[in-house]
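This briefing concerns a predicted model. It covers the pairing of strands in a sheet and the packing of helices.

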Amino acid sequence: MPLYKTIVLNSSTKILVWEITESYQELFEAVVLNENSLNRLNGMKSEIHQRAFLSVRKLFKEVGYTDFDLYYDEFGKPHLNDGKHISITHSHQFSAIILSDEVVGIDIELQREKIIRIADKFAETEFSFLNPEEKTEYIRKLTVIWGSKEAVFKIRNEKGISFKDHIKVNVFEMSNKHTKTELHFDGIIRDFNICFEEFGSYDKNGLEQNFTLVYALE
Ligand SMILES: CC(C)(COP(=O)(O)OP(=O)(O)OC[C@H]1O[C@@H](n2cnc3c(N)ncnc32)[C@H](O)[C@@H]1OP(=O)(O)O)[C@@H](O)C(=O)NCCC(=O)NCCS
């Protein structure tokens, strides 16, 4: 499948989502890779990870970039040579990039019941507006909270940031599709706008799965 979704947020900010249905070979033949990426690809243990990595290069192509326009810093954060900001995510059969003149972060998460068990590891103030008794909505909201924190972390991946203690997601309704998040770190409070949306797909066994796409702008 080619491009699954494009979201144009404003004149400089764009999100592209790929649904990975191609084989490893098909993807590999469709992109060019620099030496660093070839080494990374060869070192990946799972084919799902390899296909996700390659599908991101297909997304680059959609916006006129190649792998040669990108480099990673020592923390693994991707940067574009032309100075535009980029963030990358992949989860199961989806991958996505966000491109902008502003600093941005993106995350895709599969909605899973398992998130309930680990909620107290990444959430705290957010429990004031969550209702565990409404199980489906609880899972959906926890997934937004987790994705928001990952997206903010991708913008400011400073050593010592704790999802639970330093990143706070404001109250939101699923229907609003946006919220705000504060990062309290090093004596400074930074504000982020968060947008999210959900979409469904089927796994290789035909089971329905729901995903949450979250992106953050500082
Ligand atoms: C780095 C991290 C944000 C990646 O997120 P993830 O959900 O595992 O994986 P995703 O697919 O969404 O994102 C992977 C992409 O993030 C990007 N990335 C990796 N490190 C990054 C960093 N330090 N800063 C920004 N982006 C980064 C890369 O582009 C990577 O994909 P690529 O290497 O194929 O290009 C995550 O592993 C992490 O370290 N999170 C913080 C851990 C934490 O504090 N957890 C709290 C537990 S309670």
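**Sheet and helix packing**

K180 has N193 in β10 as its bridge partner. The two strands β9 (residues 178-185) and β10 (residues 188-202) pair in the antiparallel sense over eight bridges.

- Five strands form an open sheet with antiparallel pairing, in the order β7-β11-β10-β9-β8.
- The edge strands, each pairing on one side only, are β7 (104-110) and β8 (167-169).
- On average, and with direction ignored, neighbouring strands of this sheet are turned by 25 degrees against each other.

**Helix α5 on the sheet**

- Helix α5 lies across β7, β8, β9, β10 and β11 (208-217).
- Relative to β7, helix α5 runs at about 145 degrees.

**Helix α4 against helix α5**

- The axes of α4 (residues 115-122) and α5 (residues 135-155) come within 10 Å and cross at roughly 45 degrees.
- The crossing in which α4 passes α5 is left-handed.
- From α4, the residues I115, I116, A119 and F122 take part in the contact, and they meet K135, Y138, I139, L142, T143, I145, W146 and K149 in α5.
- Sorted by class, the contact of α4 with α5 comprises nine nonpolar residues, one polar residue and two charged residues.

Definitions and conventions. Residues are numbered from 1 along each chain as its sequence is written. This is a predicted model: local features need pLDDT of at least 70, side-chain atom pairs count only at pLDDT 80 or more; totals for chains, interfaces and linings use all residues. Side-chain values use heavy atoms; hydrogens and water are left out. Axes are lines fitted to C-alpha atoms, for helices over the stretch in contact, and angles run from 0 to 180 degrees between N-to-C directions. Helices (H or I, at least four residues) and strands (E, at least two) are DSSP runs, numbered from the N terminus. A crossing is left-handed if the near helix is turned anticlockwise from the far one by less than a right angle, and right-handed if clockwise. Contact means heavy atoms within 4.5 Å. Ala, Val, Leu, Ile, Met, Phe, Trp, Tyr, Cys and Pro count as nonpolar, Asp, Glu, Lys and Arg as charged, and the others, Gly among them, as polar. Two strands pair if DSSP finds at least two bridges between them.
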